[in-house]
Every structure is written in C-alpha cells, then in structure tokens.
Amino acid sequence: MRVNVTVNGEHRRADNVWEGESLLYVLRERLGLPGSKNACEQGECGSCTVYLDGVPACACLVAAGQAEGRDVVTVEGLAEGDDLDPVQESFVERGAVQCGFCTPGLLVAAHDLIERVPDPSDVEIREALAGNLCRCTGYEKILDAVRDAAAKKAVR
Amino acid sequence: MSAPARSPQELHDTIAGGIGESPLRPDGTLKVRGEFAYSSDLWHEDMLWGATLRSPHPHARIVRLDVSRALAQPGVHAVLTHEDVPGENVYGLKYQDTPALAADLVRYQGEPIAILAADHPEIARQALKEIVVEYDVLEPITDPERAAHDDTLPKLHPDGNLVRHQRIVKGDPAATADVVVSGVYEIGMQDQAFLGPESGLAVPAEDGGVDLYLATQWLHVDQRQTAKALGLPLEKVRLTLSGVGGAFGGREDLSMQIHSCMLALRTGRPVKMSYNRLESFFGHVHRHPAKMYYEHGATRDGKLVYVRAKMYFDGGAYASKTPVVVGNGTTLSVGPYNVLNAHIEGWGVYTNNPTCGAMRGLGAVQPTYAYESQMDKLASALDMDPAELRILNALSEGSTVVTGQVVDFPAPVAELVQRVRDLPLPPEPAAERDIRELPGGASNTTHGEGVVRGIGYGVTIKNISYAEGLDDYSTARVRLEVLGGEAVAMVHTAAAEVGQGLVTLQQQIARTELGLTRVSVHPADTSVGDAGSSSASRQTYVTGGAVRNACRAVADAVYALLGVPAEGMSLTGGKVVAADGEVVADLAELLGDTAIEETREFHHRQTYPLDPETGQGDAHVQYGFSAHRAVVDVDLDLGLVKVVQLDCAQDVGKAMNPDAVVAQIQGGSAQGLGLAVMEEILVKDGKVRNPSFTDYLIPTILDMPPMRVDVLERPDPHAPYGVRGVGEPPTISATPAIANAIRAATGLELPRVPIRPEHITGV
Ligand code: FES
Ligand code: FES
C-alpha cells in the first residue's frame with residue numbers, strides 16, 4: 001500500500017508499505033528518519049514517542065495505514081534549523097543524555113508536557129514521563145533538564 | 001563495498017574543558033537531534049535483513065533440521081545452519097564452549113539454530129516458520145546446587161557441569177565466636193535491559209573479508225571470536241563501533257556478530273540484524289542468580305571474628321563470565337570489612353537455564369546482598385546501630401583482605417558510611433500526604449494508614465578492572481596537526497562508548513595534556529590496538545591511561561622537533577612553554593605541515609592468580625567503595641514499597657568529570673533499586689516467563705526517589721590521575737540498602753531479592 005503523511009511539516013509518501021508495518025518502521029526504514037527509537041516495539045518504553053496530530057503517541061503501536069493523511073512530528077522536527085528547542089538544549093546541558101537511546105522519546109514527551117503545563121511541579125514531571133523508560137540516568141538529571149527547559153521557555 | 005549510510009561519526013568537542021571539569025558530551029547534540037547513528041539505525045543500499053531461529057526447548061537433541069522450504073520462499077536469499085559455519089563452530093569469552101549455531105544438543109531456550117537473510121524483516125520472520133526442526137526433548141537441569149554436587153546428572157558439557165569451584169581459607173577456618181548469625185540468601189536473575197537492541201550491519205568486502213558495524217563493549221574480543229568462526233584471518237574481519245544504546249555487561253558476549261557476517265559473506269550483500277525486545281531477552285546473557293549460605297561470628301563488642309560462606313552461581317547453558325563471577329564472588333565475599341578468619345566456597349555451574357554472564361557489579365552484587373543482610377542481622381543480635389557496626393569493622397588503607405592482599409591505597413570505608421549517614425533525612429511524613437507519594441501512588445491504595453517507614457544501609461567493595469593475572473591493557477593513538485591555522489588533536493582508540501561518557505573523557509585528557517582546545521575523537525574500530533572491554537569500571541583507568549601516555553609521547557615529539565629537552569617543558573594554550581613560563585614556540589607555527597602521531601599502551605599493575613586450594617593471592621588491581629542509605633515506606637497490608645530517598649557516598653579517587661560521575665552513581669543506583677524491588681527474569685523449568693518490558697519491570701521515573709550523592713576524592717597513587725573506577729559500586733550497594741530498609745520497616749527476614757509484595761504480606 002501507499003502511505004501519505006506530513007512529517008515535520010513536509011508531505012512524505014511511502015510506497016510498497018506492507019500490511020503490519022508500523023509508523024515507526026515507516027519513519028525509520030522508509031523515510032530515513034531513524035531519530036525515533038525502537039527499544040521495545042511493544043508500547044512499553046516510550047522511546048518511539050512522536051506527535052501524531054499534535055498528541056504524543058508510541059509510533060510502534062500505530063499501524064502505518066492509520067497514519068494516512070495525518071500530521072507527524074518526530075524528534076528530528078523539534079529543532080528549528082540549527083536552533084535546538086529548549087528541551088533539547090537542556091537535556092544536553094544538564095547531562096540528561098547518556099547512551100541517549102531513550103532521549104528522542106523523552107524529548108517529545110517533555111516538550112508536550114511543557115506546552116501543556118508551562119511550569120510543571122516535580123510530581124507532574126514524574127507523571128508525564130512515567131511511560132518513558134531510561135536505563136542509564138536514574139532520571140535525576142532528566143528532572144533537572146525538564147525543570148530547566150520549562151524555565152527557559154518561560155523567558156523566551 | 002562502501003561504508004553504510006549513517007555510519008558512526010567523528011565527534012568534535014562542543015565546549016572546552018579539561019580534567020576535573022564537566023564539559024558537555026560531544027555526542028550530545030547529535031543524540032538530541034535524533035541524528036546519532038545507533039547500530040539499529042545503520043542502513044545500506046541493497047541491504048538484507050537477517051533473522052534467527054531459536055530453540056523453544058531448554059534441553060533437547062536436534063534429530064532433524066531441514067531448511068529447504070524456508071530457502072524456497074520468495075525474497076529469502078540464504079538460510080544457514082551449523083553446517084555452514086566456515087570456521088570453528090565454537091566461541092566464548094573465557095572457555096570456548098558456545099556453538100555459533102547449535103549442531104546436535106540444545107542447552108537453553110532461545111539457543112540459535114539457524115539464520116536467514118531476506119528482503120524485508122517480515123519476510124524473514126515468516127520464513128523462519130518454514131524451517132523444520134525435530135527435537136528429542138530432554139529433561140532440563142535447573143537446580144544449580146544439584147548441578148554442582150550431583151555426578152549422576154547428565155553432563156551438559158564434556159567436562160561435566162562444574163564451571164569453577166573456588167575456595168578461600170584465611171586464618172583459622174574453624175574459629176568460634178560469642179555471637180553467631182546465619183542466613184540463606186537468594187538473588188533472582190536480573191537483566192541488563194539496555195534500551196538499544198542488539199544490532200549490527202555486516203558489509204562484505206572485496207578482499208573476501210567483512211566489515212561489521214555494531215554495538216558492543218569490546219571490539220577486539222568480538223573480532224577474535226568472529227574471525228575464528230568465519231575461518232578468516234583477523235585483518236579480514238574489521239569491526240567499527242556504532243552508537244551503543246547502553247550495555248551494562250550485556251554486550252560482552254556475542255549475539256549477532258558471527259551470524260550477520262556469515263549471511264553477508266554467503267549472499268554477497270550487506271546484512272542488518274536487529275533483535276526485537278523478545279529476542280533481546282533470549283539473545284544476551286543475564287546476571288547470575290545465586291543462593292548463598294552465610295555465617296558470621298563476632299565478639300560481644302561487635303568485632304567480626306569469622307565469616308563462613310558457601311555460594312552457588314547459576315551460569316546457565318554456557319560458561320561466559322561464570323569463572324570470573326566465582327572469582328569475584330569469593331574474593332569479595334566478606335565485603336569491605338576486616339575479618340581474621342574465613343572459610344568461603346563458591347561454585348559456578350552449568351544448567352539448562354538461560355546463560356548468565358556479565359552485568360554491572362559482576363560477582364559482587366550477590367555476596368554484597370548476603371553479607372549486608374548479615375551485618376544488619378548481627379547488629380540486631382548485638383543490639384548495635386547498623387552503621388556503627390559497619391564502621392567498627394571497616395577496612396582501611398593497610399588492611400589485609402581475605403585473599404591476603406594488602407590494601408595499599410586509600411580505602412575510606414568508615415568515612416563513606418559516616419558521610420551517607422550524616423546526609424539529611426527526608427522530613428517525617430505529614431499526617432495528610434499527597435497519595436502520589438505513597439506506596440501504590442496514584443492508584444490510590446492507601447492514604448497513609450498501614451504505611452511504615454524504614455532506614456537501611458548498604459556498603460560494598462568492588463574490584464576494578466580484570467583480575468587474577470590478566471594483562472588487561474588499552475591502546476590509544478593521538479595525532480597532532482594544524483588545521484585552519486590551529487593545532488588540533490585527534491584521539492583514536494578501540495574503546496567502546498556505551499553511554500558512560502568515555503568520548504568526553506578522552507577529549508578532556510587530550511586537552512589537558514596537550515594544552516589545546518580543539519580535540520576530536522575518531523570512531524572506535526579495530527584499525528587501532530586493543531582497548532579491552534568497557535566493563536569492570538576500567539575504561540577511565542586504562543584507556544584514560546593510554547590516552548595520557550600517547551599525549552605525553554606526542555608532547556615529547558614536539559620538544560624533539562624543537563630540539564629542547566622535555567624536562568620542565570609543557571604545552572599550554574597552543575604554545576610550548578618552559579618551566580619559567582617563557583613561551584618557547586607557537587605550536588601551530590612549529591608544526592606547519594607536520595603531523596605528529598603516537599600510539600601508546602597502558603598496562604595496569606600486575607595481578608596474580610588465586611591459589612586453587614587457599615584462594616590466597618594478589619588478585620585485584622584496585623577496589624572501589626560505595627555506601628548507600630535508603631529510606632522506604634512500606635504498605636504492610638498490600639506489600640507495596642515506595643523508596644522515599646536513596647543517598648550515596650562514593651570514593652572515586654579523582655572526579656575526572658564530576659557531573660558524569662554523579663550521573664553514573666545515579667544511574668547505577670537505579671539498577672540496584674530495580675534488583676531490590678522489581679527486576680527478575682522468571683525462569684521455570686528452564687523457560688523464561690517474562691521476556692518483555694510489560695512483564696520484566698525496570699524502574700521508571702516514578703520509582704526513582706530523589707538522590708543525594710556525596711563524592712569523595714582520595715587519589716589512588718597507583719592509578720593514572722589517581723582515578724578509581726566508578727560505574728559499578730553504586731549498583732551493588734543500593735540493593736542491600738533498600739532490602740535492609742524494608743526489613744527495618746517490617747521486621748521481616750526477607751532473604752530473597754527482588755522483594756515482592758507477597759514476601760511482605762506473606763500471602
Ligand atoms: S519502541 Fe515504542 S514504546 Fe518502546
Ligand atoms: S540514556 Fe540510556 S536509556 Fe536513557
């Protein structure tokens with residue numbers, strides 16, 4: 001089948017997509033956007049989180065066909081050209097990135113949180129990110145980064 | 001054939017910063033942009049997808065294997081079995097006992113039997129189902145204690161079912177004491193659960209060899225094992241490290257290395273293999289579960305008199321790191337404490353359970369849980385404060401450990417316990433509490449009634465680097481040249497960045513040693529000498545040492561070029577500077593078109609094997625120490641645990657990158673928390689019951705409490721820059737601290753981790 005999606009503001013088309021391919025597979029293997037990660041492909045880890053019509057979703061749980069005609073933003077779409085989004089900047093600056101495999105999904109989830117709740121409390125941050133597993137950091141620096149990003153966004 | 005698209009990038013510095021500072025990771029920006037090439041992101045025009053057929057049985061004989069139907073499927077390009085292994089069908093880290101593809105006997109559920117390559121991963125998966133295997137299913141051996149002692153069991157390997165037995169005898173092994181406590185402790189099978197799947201891309205080369213791009217912890221050991229199985233000389237099997245999504249020991253053993261190369265060589269096309277999560281649970285080794293019998297004797301005033309222990313480590317189907325686990329487990333069995341008399345025995349065995357190998361804290365996690373449980377039991381028998389008991393018995397510089405080795409470097413164990421004890425405690429729970437902060441959280445299972453609080457300690461000792469006589473070294477190549485009018489350095493090693501921050505550290509060392517701001521790190525590959533493994537908390541020590549040595553050789557070459565004696569000279573701010581501060585030359589001008597390149601090794605000081613009878617010997621290079629204090633709330637009715645606070649004090653010798661050190665301690669502590677309260681691969685009759693992130697739980701951001709980290713720096717005079725390995729100790733001491741806190745809260749024995757709700761409620 002053929003799938004048409006808007007990805008990071010651009011119209012993209014994928015041909016010869018198999019039944020059963022996920023949006024994650026289409027993004028990574030057919031559209032050349034490997035930023036969204038494939039840690040579990042079971043909807044459990046959040047590494048593949050993307051915006052689907054403005055709402056965070058696990059791309060591994062979305063069938064490619066379900067994405068037809070919809071709007072997708074991946075981690076590759078968070079920065080504006082050379083300018084990183086504050087969330088991206090804070091993750092680097094606060095040491096919230098170690099191996100970085102969880103990072104793209106966490107960035108989308110954290111970006112969404114700060115859009116909805118500009119000044120989140122620690123409990124709100126923890127709840128919003130509870131679906132994103134990270135095996136390296138112990139999360140403390142991720143909390144730092146999200147607090148920092150919220151503060152940065154508030155002044156911009 | 002060419003390199004893959006999205007191959008590993010050279011990493012340039014983002015922000016200057018030398019040793020002792022905390023510059024940002026050079027790969028951080030790539031990672032947050034989603035542009036960093038992990039092994040599962042590799043892609044090559046024309047590539048095929050590999051897949052693996054695995055045994056559903058933990059123990060079986062293969063009576064028939066027929067791949068013809070699978071090979072006939074459209075889109076399938078090769079189907080290979082043990083008969084197609086070009087070289088020797090056996091590999092292994094210490095013992096060569098693991099077949100690349102099972103030939104006749106299957107020893108664990110998930111053992112690879114056949115591999116194939118197809119146009120699409122789905123075609124590959126479907127084609128696997130067309131492979132016909134007939135098994136003669138056998139009774140699995142699953143009890144490690146029996147496997148150690150019962151000679152009537154079938155032999156899983158030609159030499160029997162014992163991988164290693166080690167005894168340690170110190171002083172009078174039959175000593176007696178006033179106060180005696182004993183216990184039997186068990187630890188479940190933990191998984192590394194790194195997020196980046198096992199994956200790699202093998203590209204056939206024109207010379208008949210193969211280039212493999214992959215995620216691993218040790219390129220050269222993979223190269224040696226893979227080349228042997230492929231029947232190729234080493235130089236024809238070239239490995240390049242791609243982005244690694246965590247490792248924690250789980251990438252020490254081979255997974256897809258030989259398989260992807262076999263398929264690439266057979267089809268003449270690039271082959272990518274990438275495990276999904278289910279396969280990942282079967283495709284890598286886990287932490288050894290253990291059963292440990294401990295007895296501690298002490299005087300009435302709390303001085304340890306003796307320790308006796310027997311410990312059984314379940315190695316599963318193949319040896320992997322079991323010999324080392326037995327070595328570490330026994331030599332570290334009494335912990336960071338002074339004991340005059342000891343009698344310790346450890347067994348590592350083969351069973352039909354999943355193979356166990358390296359995981360963070362190798363061989364020290366198991367005994368630490370046991371002896372720290374014992375220390376609390378002893379404190380309670382003596383009516384002493386648990387922290388005081390530990391301080392009273394703490395090892396210090398000049399102590400002799402149970403193997404007879406003298407600790408000839410700082411060992412601030414008592415201070416670590418004091419410091420972690422002195423960190424502020426969380427406030428006492430208020431009458432009205434936010435339910436989200438209680439055990440059970442937002443599921444609203446309690447409003448604070450039935451919830452009790454407990455505090456517990458855990459302290460550990462872990463050997464750094466490889467032990468027992470291994471010459472465990474690293475190599476670095478450093479190139480100095482002028483680019484764009486500025487002197488710049490390039491560091492090239494084969495050391496694996498697995499997320500811990502080694503690339504940052506290499507830059508920091510080169511900047512400091514060469515007095516430069518611009519330093520880049522070449523992708524790690526096998527075109528430079530061996531760097532050993534990114535494990536055993538050793539890379540900062542050995543690769544850090546190698547980079548230092550190579551930089552110093554480069555500096556010496558600069559002085560030689562200038563014709564001045566090296567004595568008193570230094571490189572600072574891009575200049576050659578004499579002892580009196582006078583600028584002797586500008587580096588960029590001096591070098592012009594000349595590039596200086598030097599390659600050096602770093603070998604740590606020698607260690608020695610243990611005496612097989614007495615277990616005496618200077619087996620270890622260095623020890624790391626850490627102490628945790630945990631505060632927990634436990635819902636007694638439901639058995640739910642909430643870790644309220646987890647604090648750590650650790651000595652790191654020298655904090656090369658203080659922020660990264662703290663980050664390692666936080667991440668390691670989270671894995672220790674996981675083992676204490678949730679993480680276990682459930683194995684029944686040799687079969688894994690929970691191979692998914694739905695059922696194998698790792699801590700989320702809701703499970704991790706706030707952490708205070710207190711970092712001590714007591715330089716080790718024998719180590720480069722005084723460093724002490726950092727990565728492992730925090731994982732080890734976190735688990736018993738939490739277990740002890742839960743015991744303090746509940747008054748229960750809790751002789752097994754992970755501690756599950758039913759252990760607390762008793763139903
Ligand atoms: S990869 Fe989609 S949730 Fe884990
Ligand atoms: S940084 Fe490695 S999984 Fe989060």
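Which residues is A:Phe91 in contact with, leaving aside its neighbours within four places in sequence? In this predicted model, the list includes A:Ala96, A:Val97, A:Thr103, A:Leu106, A:Leu107, A:Ile142, A:Ala145 and A:Val146 from chain A, together with B:Val32 from chain B.

A:Phe91 also has a place in the largest nonpolar core, a set of 145 residues. A:Phe91 and B:Ile738 are the residues with the most contacts inside that core.

The next topic is the contact between the two chains. Chain B brings 64 residues to it, and chain A brings 52. The area buried between chain B and chain A comes to about 4600 Å², with carbon and sulfur atoms giving 59% of that area.

Five salt bridges are counted between chain B and chain A. A:Arg28 forms a salt bridge with B:Asp41, and the closest N and O atoms of this pair are 2.9 Å apart.

On the side of chain B that touches chain A, at least two residues each come from α1 (28–33), α3 (121–128), β13 (271–274) and α15 (658–677) of chain B. Of the elements on this side, α15(B) gives the most, with eight residues. By type, the residues on the side of chain B that touches chain A are 31 nonpolar, 20 polar and 13 charged.

Methods:
Residues are numbered from 1 along each chain as its sequence is written. Chains are lettered from A and ligands numbered from 1 in the order in which they are written. This is a predicted model: local features need pLDDT of at least 70, side-chain atom pairs count only at pLDDT 80 or more; totals for chains, interfaces and linings use all residues. Side-chain values use heavy atoms; hydrogens and water are left out. Contact means heavy atoms within 4.5 Å. Buried area is the accessible area (1.4 Å probe) that two parts lose on being put together, summed over both. A salt bridge is a side-chain nitrogen of Lys or Arg within 4 Å of a carboxyl oxygen of Asp or Glu. Helices (H or I, at least four residues) and strands (E, at least two) are DSSP runs, numbered from the N terminus. Ala, Val, Leu, Ile, Met, Phe, Trp, Tyr, Cys and Pro count as nonpolar, Asp, Glu, Lys and Arg as charged, and the others, Gly among them, as polar. A nonpolar core is a set of buried Ala, Val, Leu, Ile, Met, Phe, Trp, Tyr and Cys residues joined through side-chain atoms within 4.5 Å. Buried means under 20% relative accessible area, exposed over 50%, partly exposed in between (1.4 Å probe, protein chains only).
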